[in-house]
Amino acid sequence: MKKKILAIDDIDANLFTLKSVIESLEPQKYEVVTALSAEEGLAILLKEQIDLILLDVMMPEIDGFETAKMIKSRKKTKDIPIIFVTANRDDAVIEQCYQVGGSDYINKPFNQVELMARIAFHIKLHEKEMVLRLREEELEHEANFDALTQIYNRRMFANYFEQKISYAKEQKSPFIFVMCDIDLFKKINDTYGHLVGDIVLKELAQLLKSRVRKGDIVARWGGEEFVFVFDVGLEMGKKIVDNLRKDIATTLFSEVGSVSCSFGMTELREDDSVDTIIQRADDALYEAKENGRNRVCQK
């Protein structure tokens with residue numbers, strides 16, 4: 001697939017030269033699209049997938065430096081490499097090319113071999129950077145999300161929860177902490193097998209995720225247990241959690257049909273630590289299990 005290069009210059013002849021040289025020397029590799037102004041170039045960047053930008057410095061209204069700043073300020077375009085094309089050999093101009101986010105510069109009149117080499121180098125470098133960035137994002141996702149259910153894992157929740165408690169105490173804002181456990185989950189695994197048990201966990205996680213509001217959080221605590229934080233007081237929390245319990249009980253899960261969950265909940269107290277609030281919710285969950293399951297208890 002051809003790499004697409006955007007050339008921005010206010011002189012049509014310069015654009016014609018760049019396009020002719022690049023596409024004649026490497027017709028299988030590159031396609032050049034042109035723009036006679038910063039505005040036209042920015043419009044193209046929003047519509048098309050561009051792999052590299054050749055940018056003139058001296059342009060009326062919006063010069064190359066301001067254009068580069070705009071390109072680098074936008075999420076969609078900030079990573080595209082920019083090679084400035086300039087007739088100015090002044091050190092201050094060259095320095096500014098880099099300061100505004102340029103990857104390189106080349107002087108006019110340009111040497112064709114040098115131009116093609118720099119284009120190839122920066123496109124290849126950009127591709128490698130994108131691969132590395134994607135891998136970093138994958139590793140970050142793996143560190144923070146549960147591999148099976150694709151919601152936050154215990155590690156991520158623990159980091160969040162400690163900050164949440166500090167912030168809530170500082171702002172004197174209420175929240176409830178909830179622990180949820182699938183009733184008789186061992187029986188599901190024993191009857192239908194662990195693969196079906198995994199399907200139930202995944203479907204339940206997506207149901208729970210769909211029911212939490214923006215700002216609330218749900219995570220897999222481990223095994224068949226999930227945890228929540230809702231930014232509400234205890235009375236509103238009771239209604240939210242009981243509605244959640246009812247939603248689960250009336251949902252049909254793949255292979256197994258109906259499933260129920262027990263919930264233990266508690267509200268943040270002034271003297272709470274991470275351990276004390278978790279212990280209270282865990283005690284409430286134990287009480288819900290002991291008193292017949294498929295219910296909400298609080299401490």
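These are brief notes on a predicted model, taken point by point.

1. In general, strands of a sheet pair through backbone hydrogen bonds, either parallel or antiparallel.

2. The strand 4 and strand 5 pair. Strand 4 covers residues 82-86. Its pairing with strand 5 is parallel and runs over four bridges. For a place to look, take T86: its bridge partner in strand 5 is N107.

3. Helix 1 geometry. The helix has 14 residues. From first C-alpha to last, helix 1 reaches 20 Å. That is close to the 20 Å expected at 1.5 Å a residue.

4. Helix 1 faces. Which residues of helix 1 are buried? They are L15, L18, V21 and I22. Seen down the helix axis, these buried residues fall within an arc of 140°, so they line one face of helix 1. They pack against strand 1, strand 2, strand 3 and helix 5. On the other side of helix 1, D12, F16 and S24 are exposed. F16 deserves a look in the viewer: this phenylalanine is among the exposed residues there.

5. D56. This aspartate is found in strand 3 (residues 52-56). Is D56 buried or exposed? D56 counts as buried, because its relative accessibility is 5% and the cut-off for buried is under 20%. What does its side chain meet? The side chain of D56 makes a polar contact with the side chain of K108, at 3.0 Å. Leaving aside residues up to four places away in sequence, D56 touches I8, D9, D10, G64, V85 and K108.

6. P109 sits in the loop between strand 5 and helix 5. As a rule, most peptide bonds are trans.

7. Positive phi at Q150. Q150 is not a glycine, yet its phi is positive, about 60°. Q150 lies in the loop between helix 5 and helix 6 (154-171). Its relative accessibility is 34%, so Q150 counts as partly exposed.

8. Positive phi at R293. R293 has a positive phi of about 65° and is not a glycine either. Where is R293? In the loop between helix 10 (274-290) and strand 12 (296-298). R293 counts as partly exposed, because its relative accessibility is 34%. Most residues other than glycine have a negative phi.

9. Places to check by eye. Then view the backbone at Q150, with phi of about 60°, and at R293, with phi of about 65°.

Notes:
Residues are numbered from 1 along each chain as its sequence is written. This is a predicted model: local features need pLDDT of at least 70, side-chain atom pairs count only at pLDDT 80 or more; totals for chains, interfaces and linings use all residues. Side-chain values use heavy atoms; hydrogens and water are left out. Helices (H or I, at least four residues) and strands (E, at least two) are DSSP runs, numbered from the N terminus. Buried means under 20% relative accessible area, exposed over 50%, partly exposed in between (1.4 Å probe, protein chains only). A polar contact is a pair of N or O atoms within 3.5 Å; within protein, one must be able to donate a hydrogen and the other to accept it, and residues adjacent in sequence count only if both atoms are side-chain atoms. Contact means heavy atoms within 4.5 Å. Two strands pair if DSSP finds at least two bridges between them. The expected span of a helix is 1.5 Å times one less than its number of residues. The arc is that of the directions from the helix axis to the C-beta atoms.
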